[in-house]
Amino acid sequence: MSITIIALTDYDVNNQSPTPTIDKMIKSCKKKGIPFYPIRLGEAFVIDSDVFGKELTIHNYDGEGTVINIPKKDTVCIARGSAILDQNNQALFQSFQEAGVFMVNNYDAMDTASNKFATSIKLKKNGIASPRTSLVTNERSIPIALKEVGDKFPVIVKTIRGSEGIGVMRIESQESLTSVLQGLWKHNAELILQEYVDIDFDIRTIVMNNEILASVKRLASNKGDFRTNKSLGNDTEPYKLSEEEKKFVLKSHKASGLYFSGVDHIIDKDGKPSLLEINGSPGTSSDKFWNYKHNKALSGDTVIDDLIEHLSDKKNWDYAKTTAGVVEWVTIEGMKIKAKFDTGNWTGGIAIDAQDIKEKNGQVTFTFNGKKHKKKVIKVSEVRDGGLDGGHLEDRIYVEMKMSIGNKISQATVFNLDDRSKKQYKVLVNKDWMINNNYNIDSSKKFMLGESKKPLSTFTEMYI
């Protein structure tokens, strides 16, 4: 099965060339014969009508006016860190996700990972050891935040969003802390205060789909800079994780919700792993990683080769899920009506209550929700109509109609025509449709999409 890979990237803003990791992706896809397109953030755009066809049209994808059409269901998009930094980039990111492209990573996980304070809260909630962190928003918050992170200097000040060690400062005194914060707030910076941990190195581990790919030790600078980032010119060397570290890294990765991540941890004074941060757009420019698939030290090129190899098999794709209740409002051909989401139904297509069905010459007329419709017959197929006695087999006519759920834009959807006149719900959404459209069902709620969430206190309420 052929796939296409695209990447949301800002290239290298200084010389308009691919970043090192994007360059590795270009070369890896070329070796494997996989079409690859780096989508230039700030240049590429889509229009709303492009998002909902079978193909996704991307205009000016390369910044030189080129238009490409990609098969949505056979395309994976690798979102680099810059895809989350401003509203225009975020809009393009979300458009691709809404279109049905498989995103690495999905928007919500990427947004949380790029927010250091949100990540800190998520780590704490999941019982993952990490340096103490506090949000600091104004001068009144300084003593409270300082007490929260240990009430001693030095401390670390970080911008909430940032990467490659940029926006990270070590502060040595109360006077410096106040003046630095005041100066940054003047430029509308959003900041956190973090406990300082004196380290000689940290460990970056690349994880993909809950599998550890590679790890590397990043050494602190011998020039007095406490940061360990390779992008700042610091040395690295291959590092083989202990079994305890592997468990810790995978727990942290799973808590992040990311598909592809860089997990950064240290070893604390008690010899235990402690998490520094999780990166949703890890770089691969270190000289050598310890590669777990090949069980030896290899370059970042092999890390990307392993990633592309994994993504080339669609069985490994894990789409972001939308959670719906057992009952939701849907709009079919402009008519708003309640639909039951039935995880035990596999009839194929969505069943709707159709009356006065008349088929002739490949066309079918029927009445749905009091309105007469005429549609082209897609197919006629035998299905089993359920019941306590196991149901019975019957032929159903399939047609295509426009449907939307919640706030989503209406799309062509396949329905089967069923006599549901004696049933509570005139629309029954089946398991196949939920799987194909990446929906999870919360059996304790209804009306979660576009309506206020309503909890179900009794089994009977499911049918009200």
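Student: How many helices and strands are there in the protein chain?

Tutor: The protein chain has 10 helices and 31 strands. Both are DSSP runs numbered from the N terminus: helices are H or I with at least four residues, strands are E with at least two. Before we go on, this is a predicted model, where local features need pLDDT of at least 70 and side-chain atom pairs count only at pLDDT 80 or more, while totals for chains, interfaces and linings use all residues. Residues are numbered from 1 along each chain as its sequence is written, and side-chain values use heavy atoms, with hydrogens and water left out.

Student: Why is Tyr 239 called buried?

Tutor: Buried means under 20% relative accessible area, exposed means over 50%, and partly exposed is in between (1.4 Å probe, protein chains only). Tyr 239 has 17%, so it counts as buried. You'll find Tyr 239 in the loop between β13 (236-238) and α8 (243-256).

Student: Which residues does Tyr 239 touch, leaving out those up to four places away in sequence?

Tutor: They are Ile 203, Ser 215, Val 216, Lys 217, Glu 245, Trp 290 and Tyr 292. A contact here means heavy atoms within 4.5 Å. As for Ala 214, it is 25 residues from Tyr 239 in sequence, and their C-alpha atoms are 8.5 Å apart in space.

Student: What share of the chain counts as buried?

Tutor: Of its 464 residues, 47% do. Also, take the contacts between residues at least 6 apart in sequence: 59% of these join residues at least 24 apart.

Student: And why is Asn 188 called exposed?

Tutor: Its relative accessibility is 69%, which puts Asn 188 over the cut-off for exposed. Asn 188 sits in the loop between α7 (174-186) and β10 (191-195).

Student: What makes the phi of Asn 188 worth a look?

Tutor: Asn 188 has a positive phi of about 60°, yet it is not a glycine. Most residues other than glycine have a negative phi, and most peptide bonds are trans. Asp 151 also has a positive phi, near 60°, and lies in the loop between α6 (141-148) and β8 (155-159).

Student: Which residues make up the covered face of β4?

Tutor: In β4 (residues 68-71), they are Ile 68 and Ile 70, while Asn 69 and Pro 71 form the uncovered face. In a regular strand the side chains alternate between the two faces of the sheet.

Student: What is the class make-up of the lining of the largest cavity?

Tutor: The lining has 6 nonpolar, 3 polar and 1 charged residues. Nonpolar covers Ala, Val, Leu, Ile, Met, Phe, Trp, Tyr, Cys and Pro; charged covers Asp, Glu, Lys and Arg; the others, Gly among them, are polar. A cavity is a set of points on a 1 Å grid over the protein atoms alone where a 1.4 Å probe fits but cannot get out, and lining residues have an atom within 4 Å of a point. Among the lining residues are Ala 109, Lys 122 and Ile 278.

Key
On a 1 Å grid over the protein atoms alone, a cavity is a set of points where a 1.4 Å probe fits but cannot get out, and a pocket is an open set with protein on both sides within 12 Å along at least five of seven lines; lining residues have an atom within 4 Å of a point.
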